Every structure is written in structure tokens, then in C-alpha cells.
Amino acid sequence: MTQETSLNQAVEILRVGGLVAIPTETVYGLGADARNENALKKIFAAKGRPADHPLIVHIGDISQLKDWARDIPETVYLLAKHFWPGPLTLILKKNPDVSDFVTGQQDSIGLRIPSHPIALALLKKFGSGIAAPSANRFGHISPTTAEAVREELGEAVDLILEGGQCERGLESTILNLSADAPVILRPGMISRASLEKILKQEIVMTQNNAPRVSGSLESHYAPRTPTKLFSEDVRSLDENIAILSYSGKPFSKGVVVKLSSDPEKYAHDLYQTLRELDHQHFSTLWIERVPETSEWDAVRDRLVRASS
Ligand code: TXA
Ligand code: MG
């Protein structure tokens, strides 16, 4: 099937209220027409996700912002100029006609323009917003390949668009602009420092209770194999363990998998590596703690939740 044919098929499926898995530069999303409540309900059923957890609406062009959000601050256009299309989700005040299934009955909405060429082409052809959470079962690791989507959701999705391995490999940065001061609700590969530089103001990280972000639940992004973090030494008597290391230190036991000591490359490989290790029936996955520096914020956040 040519890409044009599969995009047309995807648009058809979205129009009749079906589900399409979409490659983005962060992770694969499970997409539905954001104006169709029956389609939105299918997302929650397929993921096993609680109904009050809001969804990100993906749009293909900045002119569509007004269809979904109201009282849009000027800073949005500044951020969009620098980071869209790209891995930044902005939380804004929602328009009155946006479905509660999208917003989890909150007064806000999450929006982003993804940069993956297939996602963008689909959004342009569809012409409206596509609601898409990560295409995994609730609480599990986000998929970064089409194969991983198949493993997570199987028959529950009508079409999976093949888009290769995701370029970033970790979910978007979520910035709340619906309140008085900007707050990062979920760290991602667009760093706090780069947002602060554009906004010329300080931005705080959430303390976990503000608006509902399922990615901010203590346990999330988790493998099925019990997962623990370590800093100094693996204190395990068990031999059947896997060790995920960024530093390349030697270890006396276990199967050692070395990820990059560059945070962007580490992020790119993390989920796929966890997924592969999950298939191998280790009794425990031990993950070496990454540095406390800000360029590791997003990775550290996911590791802490994966091991909670
Ligand atoms: O990179 C990404 O953001 C991927 C790709 C597919 O775009 N999507 C993604 O969606 O990670 P999801 O649903 O797995 O995570 C989105 C997070 C959720 O934790 C949700 O609670 C939060 O965004 N969110 C969505 N709308 C929100 C809102 N109005 N207020 C606060 N949080 C919101
Ligand atoms: Mg998710």
C-alpha cells in the first residue's frame, strides 16, 4: 500500500469514528476524531484508561488553535514559532464546545502540532483535531514502533500507520498556560531552560497535584518486570537480573545493557530497550540512576515512575 493510500484509509476510519495509531516524533499515539464522542470513548476502552484523564488534541496548523482554545495568550504564538511542529504540548483554556471526554471535565485543553511527517500529513488531510494519548495500555510503556503498538493494543485499533522508530522516543513536554504562571506538568525533551529562554521568565515544575496528568501518577510508564533504581551498587543475591546502565561501570552479575550517556540518545532508546528486556523474563530490572542535572529531567522523571 502506498503512503497516500494508507493516509486516505486513515482519514476514512477517523471520519466514521474508528481508531488509528499514528507515529509522532515522541511516541505513537492512539488517534480518534476529537469531535466524535463515540470515537473518544473507544480510546478509553482500548487503553483501559480512567475516563477522567484528559487527552491531547493534535492539530495540523496553528490557525486551528482557536477552534479548541479561548483566551489564548500571546506567549502561545511565541512558543509555537520556536517549538511547533514539535514535542511541546500547551495547556490552554478550552472552548465551551470541546467534549468532556477530551478534557476530563476540566476547563482546559492540551494541544500540540507534532512534527512527524506522517502525523502532519494525516492532520492536514483530516482537517480537524485528532485526540491521541500514547498508544499503550494504561500505565504501561509508551510504544516507539508500530510493532510495539500491535503488542499493546492488537485488535483494538483499526489501522496502524507505519512510521518507523520515533525520533525522540519520550513523550512531549507539557506546559500549563491556563493559569497565572506557566508550569511544566510533565518534563520532556524540550527543556525547562529552552522554554525559559523564549518566555524570558522562570518556569516551575509541578508538585504533582495541579491539573490531572495521568503521566504524573506515581507509577506509570512501567515494565511488567519488577523495576528498581540503584546508584552505587546492585544489592541483589539474584543472578537472573538485567542492569540498564548509562555510565558503563563494570558490574559483577546480571545481563548489562548499556544505554548512551547522552540524555537525548538515552531517551531515544529507553522505551524500546525496556520493552525488549520485559520479554526476557528477568526477575528484576535494575536501572542505574541518571545524573541530577536538568538535561536528564525527562528521563529521570520516567525512570522514577517506571520503578514506583
Ligand atoms: O508526546 C506526547 O505527548 C504523546 C503523543 C502521542 O503526542 N501523547 C501522550 O499522551 O503522551 P498521553 O495521553 O499518554 O499523555 C498526555 C498527558 C496525560 O498525562 C494527560 O493527563 C495530560 O497530558 N493532559 C492532557 N490534557 C490535559 C489538560 N487539559 N490538563 C492537564 N493535563 C492534561
Ligand atoms: Mg501515556
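Before starting, I settled my terms: I call a residue exposed when its relative accessible area is over 50%, and buried when that area is under 20%. I also kept in mind that this is a predicted model.

**Helix H2.** I began with H2, which runs over residues 37–47. I found Ala 39, Leu 40, Ile 43, Phe 44, Ala 46 and Lys 47 buried there. Looking down the axis of H2, I saw its buried residues fall within an arc of 165 degrees, so they line one face of the helix. On the other side of H2, I noted Asn 38 and Ala 45 as exposed. Next I checked what the buried residues of H2 pack against: strands E2 (29–33) and E7 (130–131), and helices H5 (100–103) and H7 (146–153).

**The ends of H2.** At the N-terminal end I found a cap, Asn 36, with a side-chain oxygen 3.0 Å from the backbone nitrogen of Asn 38. Just after H2, I read a positive phi of about 70 degrees at Gly 48.

**Arg 49.** I then moved to the loop between H2 and strand E3 (56–58), where Arg 49 lies. Arg 49 is buried, yet I found no salt bridge for it; Asp 52, the nearest side chain of opposite charge, is 7.7 Å away. I did find the backbone oxygen of Pro 54 at 2.7 Å from a polar atom of the Arg 49 side chain.

**Gly 86.** Last, I visited the loop between helix H4 (74–83) and strand E5 (88–94), which holds Gly 86. Gly 86 is buried, with a relative accessible area of 1%. Setting aside neighbours within four places in sequence, I listed its contacts as Glu 25, Arg 112, Ile 113, Pro 114 and Ser 115.

Technical notes. Residues are numbered from 1 along each chain as its sequence is written. Chains are lettered from A and ligands numbered from 1 in the order in which they are written. This is a predicted model: local features need pLDDT of at least 70, side-chain atom pairs count only at pLDDT 80 or more; totals for chains, interfaces and linings use all residues. Side-chain values use heavy atoms; hydrogens and water are left out. Buried means under 20% relative accessible area, exposed over 50%, partly exposed in between (1.4 Å probe, protein chains only). Helices (H or I, at least four residues) and strands (E, at least two) are DSSP runs, numbered from the N terminus. The arc is that of the directions from the helix axis to the C-beta atoms. Contact means heavy atoms within 4.5 Å. A polar contact is a pair of N or O atoms within 3.5 Å; within protein, one must be able to donate a hydrogen and the other to accept it, and residues adjacent in sequence count only if both atoms are side-chain atoms. Lys and Arg count as positive and Asp and Glu as negative; His and the chain ends are not counted. A salt bridge is a side-chain nitrogen of Lys or Arg within 4 Å of a carboxyl oxygen of Asp or Glu.
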